[in-house]
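This report is meant for a reader who meets the structure for the first time.

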Amino acid sequence: MSTVRLLIMITTQPGLGHRQVEAFERLAPAVRAEPGCLQYDLHRVADDPDRFVLLEEWASREALAAHDVTPHMIEAGTANPSFRAAPAQVLELSPDPVA
């Protein structure tokens with residue numbers, strides 16, 4: 001069974017990047033404590049205070065599926081539209097590097 005790696009691109013409404021950081025700081029401890037969470041790290045795009053990349057890695061598809069329906073993720077999904085410019089773009093990476 002291979003891990004699941006996600007790269008998630010997030011853009012907030014202009015000037016609201018701090019709200020994304022605050023929301024992540026509240027959410028991350030609960031997510032990182034979930035069974036199967038191997039990585040959950042938010043990075044700001046260097047030249048834009050309102051753009052972020054979230055790197056996630058999960059031990060299995062089952063762990064990721066369980067994560068998606070936790071109360072804290074459902075709550076985050078309800079709150080995120082208040083400061084995000086658009087829905088996040090989720091990219092699933094292939095399990096092995098190509099080069």
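A residue counts as buried when its relative accessible area is under 20%, as exposed when that area is over 50%, and as partly exposed in between. The model described here is a predicted one, and the definition can be applied at once to Thr 11, which has a relative accessible area of 34% and is therefore partly exposed.

Is Tyr 40 buried or exposed? With a relative accessible area of 3%, Tyr 40 is buried, since the cut-off for that class is under 20%. Tyr 40 lies in strand β2, which covers residues 37-44, and apart from neighbours within four places in sequence its contacts include Phe 24, Leu 27, Ala 28 and Val 31, as well as Leu 54, Leu 55, His 67 and Met 73.

Val 21, a residue of helix α1, is partly exposed, because its relative accessible area of 24% falls between the two cut-offs of 20% and 50%. Leaving aside neighbours within four places in sequence, Val 21 is in contact with Arg 44 and Phe 52.

The table lists one pair for each of these residues, with the separation along the chain and the distance between C-alpha atoms.

| Pair | Separation in sequence | C-alpha distance |
|---|---|---|
| Tyr 40 and Leu 7 | 33 residues | 10 Å |
| Val 21 and His 43 | 22 residues | 9.4 Å |

**The chain as a whole**

The secondary structure of the protein chain comes to 3 helices and 4 strands, and from the N terminus on these elements follow the order β-α-β-β-α-α-β. The radius of gyration is 14 Å, close to the 13 Å that the globule rule gives for 99 residues, so the chain is as compact as a globular protein of that length. Along the principal axes, the C-alpha atoms fill a box of roughly 40 × 35 × 20 Å.

Of the 99 residues, 33% count as buried, while the accessible surface of the chain comes to about 6,100 Å², with 59% of it belonging to carbon and sulfur atoms. Among contacts in the chain with a separation of 6 or more, 68% are accounted for by residues 24 or more positions apart.

**The largest pocket**

Which residues lie nearest the centre of the largest pocket? They are Met 73, Ala 76, Gly 77, Asn 80 and Arg 84, out of a lining of 30 residues. The elements that give two or more residues to this lining are β1 (4-11), α1 (17-32), β3 (51-58), α2 (61-68) and α3 (71-79). Helix α1 provides the largest share of the lining, with 7 residues. The space in the largest pocket is about 670 Å³, and by class its lining has 18 nonpolar, 5 polar and 7 charged residues.

Definitions and conventions:
Residues numbered from 1 in each chain as written. Predicted model: local features only at pLDDT ≥ 70, side-chain atom pairs only at ≥ 80, totals over all residues. Heavy atoms only, no water. 1 Å grid on protein atoms, 1.4 Å probe; cavity = no way out; pocket = protein on both sides within 12 Å on 5 of 7 lines; lining within 4 Å. Points joined across faces, edges and corners; volume = space filled by probe spheres on them. Nonpolar A, V, L, I, M, F, W, Y, C, P; charged D, E, K, R; others polar. Rg over C-alpha atoms; globule rule 2.2 N^0.38 Å. Buried < 20%, exposed > 50% of the residue type's maximum accessible area, 1.4 Å probe, protein only. Contact = heavy atoms within 4.5 Å. Areas by Shrake-Rupley, 256 points an atom, 1.4 Å probe, with all protein chains shown as cover.
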